[in-house]
Amino acid sequence: MVRKLLLVIICGNILFLGGCWDKTELTELAFVMAIGVDKAEDDDKFEFTYQVVIPNNIPLGQSGIGGEGVPIVTFTAISESLIEGTRQVSETFSRELYYAHTAVAVFGEEVAKSRMNEVLDLMEREPEFRTTTAVLIAKNVKAKDIVSILTPLEKIPAEKISKAIKVSEGRWGESFEVDIDEVVRALVSEGREPAISGITIEGDASSGGKKEDLEKVELPVYLKVNGLAIFKDGKFNSWIEGKKARGVSWVLDKVKSTVVNTEWEGKEKAVNLKVIRSNTKITSNLNNGVPSFHVSISMEGTISEVKAAVDLSDPIVLMEIEKALESEIKQETLDAIQTAQAVPSDVFGFGEQIHKSYPKKWKELKGSWEEEFSKAKVTVSVDVFIRRTGSRTKSFL
Amino acid sequence: MLNWFKKEKRKTKFDKNDNFRQRLDPGDPKNLPLFNKAQDNTDYIKHELGNSNDIVVRQLLIANKIKAAIAYTDGLADSKVISQFIVESAHEQTDMPVGKEIFQVAKERAVALGDVSEVTNWDQLFPSLLSGETIIFIDGFQKAIKGDTRGEEKRAISEPTTQLSIRGPKDAFTESFRTNTSLIRRRIKSPNLWLESMKIGKVTQTDVGIMYIKGIANEKIVEEVRTRLKRINMDSILESGYIEQLIEDQTFTVFPTVYHTERPDIICSHLLEGRVAIIIDGTPFVLSAPAVFIQFFHAVEDYYDRFDIATAIRLLRILAFFISLVAPAIYIALTTFHQEMIPTTMAIAIAAQREGVPFPAFIEALIMEITFEILREAGLRLPRAVGQAVSIVGALVIGQAAVQAGLVSPVMVIVVSITAIANFATPTFAIAITTRVMRFGLMVLAASFGFYGILLGLIFMIVHLCSLRSFGVPYMAPLAPFIVDNQKDVFIRFPLWSFKTRPRLIADENIKRMGENQQPRPSKGGNKDG
């Protein structure tokens, strides 16, 4: 009997050892959808902006419970750490800030240049944060402005941002989503630097965030994913934009689909290829202690637009187009690599590659890796394969 | 004076037997013999039954000279049969012998019935009389003839009301013991189908039959059923539930360890798997034992439909079981502990809906679940005429009106509804009630410990399930213990021709159930012209 009782007590204790105890109702939580981190005017402090969603103002279903008023509200706290800021906000806000659904963390350029690590530490340490939260750098504007702007289509602006990066990564390739986990890993790694997509505001930043603006057909202010922030020694260094940014994406194998074009018979951008599949492999080599890299990109695509008279039924013509496209992409990639080498900032993780392939040599190299990286010989080979030519073989032009 | 004396005398004579009723008590071995005179016997019957007027007593003469009497219960016995085959037949007898042969001749010739036998004492006589048999007393014999004239009013065989099927037989058991055995016998025309019968219930004297197929059923299990049934010493057996509760292995469990059904085809398939059927007079529900857990998820149609469809539906049913078990618990756990697990848009949607709800999620869920259970119970018990009223009011309570009143959130209504629908999808009612009970336990666990609590609850449930036995057979068989051969009919219903063996543990001997090469295929020669 005593043993049985003991068994019951022990088994009962299992319930309490799980550590799952505190219950919180959904209505006690404030979902922070986005965080903006800027440098405060006071030098030692950060300015945190929390974009909190107001659930009742999000239209639901067809009957539309709620839907009046703005869907978000932002709070700003000036403090030395994120956690302090979080607690500070409770003075002005009736609910507990909840980060599990935070979609984006936007850092201002100033913070990225100096103390981004400090904030990232909490984001990685705190279990409530998802390490899959996307990280972005506010380009030319304050992170606060980015977080405070209202967007069309997506009711929650933070969602619009995270979707926009995903879509642009999947369709265009000049920017890509980087989450907290990747940033921290790149920061920690000696042979790699983070490259983080930038976000900016087009139009008048100061007038953003008004609900009336959303009612206009042509938006006066809107968010735009643009450029890649290159880091050096864990600190923001410079922006890479346009084709060069896509070059970085090619090397990092982040391109899922994009459009590449080439001139044909003197006509600019005459042939457009819709890339449907792309794969990048990096191989490293050490020749007498000098590292060299070979980037081989292979892709498959469909001819989507032709602006010149090209006979696509001729396989030889197709092969020529493939060649032309290959050199185009190769140039793009080499440009990107050269820019990174000029900084120098190893955003491609070449150092890691060496570390993996030649762990012993890496120990010698890693002390002076920046220098080695800037001098490294990088060759690029591209293989384009045209899978289809669309519904028409001969252009009517 | 003489009459009075006679009465007195008779009274004293009966007084000796007056403690007849005490014989209802167990352990009284008194077997009092019948009286010599027919008149005395009928008087005694009247006396013992308190002059109940449904006991018909009639004096008659066999072959116009031998004094006799008959007694039967009106309503239970078929009076047409009695008048035709006993009364008329007795009158028409012409050459009756004399002396001791009278009884034998009367039994063999005068009573023109199928089933005729002798009774010598009152203990045998009363149950026969009260189950519709006719007792014939002949003057000068201390024994009586009993003839089977049972012909009580009974319900016609109708469609089953509990386990419906689209394809499959539409007949169901009725309240009549004989009809039920005939329904089984009609399907299994094997001499090996044995029926043992006994009377259980000291007062009710209910007919109970054990049916099994000799040579397929495990002897040990049959013996176990027999022993457990014989152990029952109760005044009444009114429904198979009485028997079920008195013979099940474990009382303190929410899981049914004896299967009950009103479908003869299910009972037949169980018999053919080696199970034992227990038929109880007065109820259309026949028991089958041993029962295993997974069996409660098998609908009869699983075997009538083709295997791929049957498998898909069976899996759906098991999914429905889990939904009905954990859906409200998961809702509570998600909204109060694991908000991070809900997709963002949905989390915000739920949060918006819960904005105006005054109760915590657990209370909200509890209110709705209890309301639904009340509604279901009301729908079950109420007179059919007011049924519509309940459905109208019910739709208000669990529906838009409750949401508009701000008492519950729309998501909760959905959760309760899906739980209810899933619960209805369980093919056996016995397990459906179980999930209803356990659901509340899991809700409490979810409200206090989140997913952790739900998981502990489920683990506890599985441990408990594994500890159960039904007539010595592990309840979780063939999953625990894992029997490879019998996996063909657990979650996935394999093609019928692959069911080569009967379930092990249940049918011990004679495990093989079909010949080789049962898979249909075109004949080797083939029709080359076609």
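**Note on the sheet of chain B and the domains of chains A and B**

1. In chain B, 5 strands make up an open sheet with antiparallel pairing, in the order 1-2-4-5-3. Strands are DSSP runs of E with at least two residues, helices are runs of H or I with at least four, and both are numbered from the N terminus; two strands pair if DSSP finds at least two bridges between them. Strand 1 (55-62) and strand 3 (116-119) of chain B are the edge strands, each pairing on one side only.

2. This is a predicted model, in which local features need pLDDT of at least 70 and side-chain atom pairs count only at pLDDT 80 or more, while totals for chains, interfaces and linings use all residues. Residues are numbered from 1 along each chain as its sequence is written, and chains are lettered from A and ligands numbered from 1 in the order in which they are written.

3. Strand 2 (residues 66-73) and strand 4 (residues 134-138) of chain B pair in the antiparallel sense over 4 bridges. Ala71(B) is opposite Ile135(B) of strand 4 of chain B.

4. In contact across the two are 22 residues of domain 1 and 25 residues of domain 2 of chain A; contact requires C-beta atoms, placed from the backbone, within 7 Å.

5. For chain B, the assignment gives domain 1 (2-147), domain 2 (177-291) and domain 3 (305-474). The C-alpha centres of domain 1 and domain 3 of chain B are separated by 61 Å.

Key. Domain bounds come from an automatic or database domain assignment.
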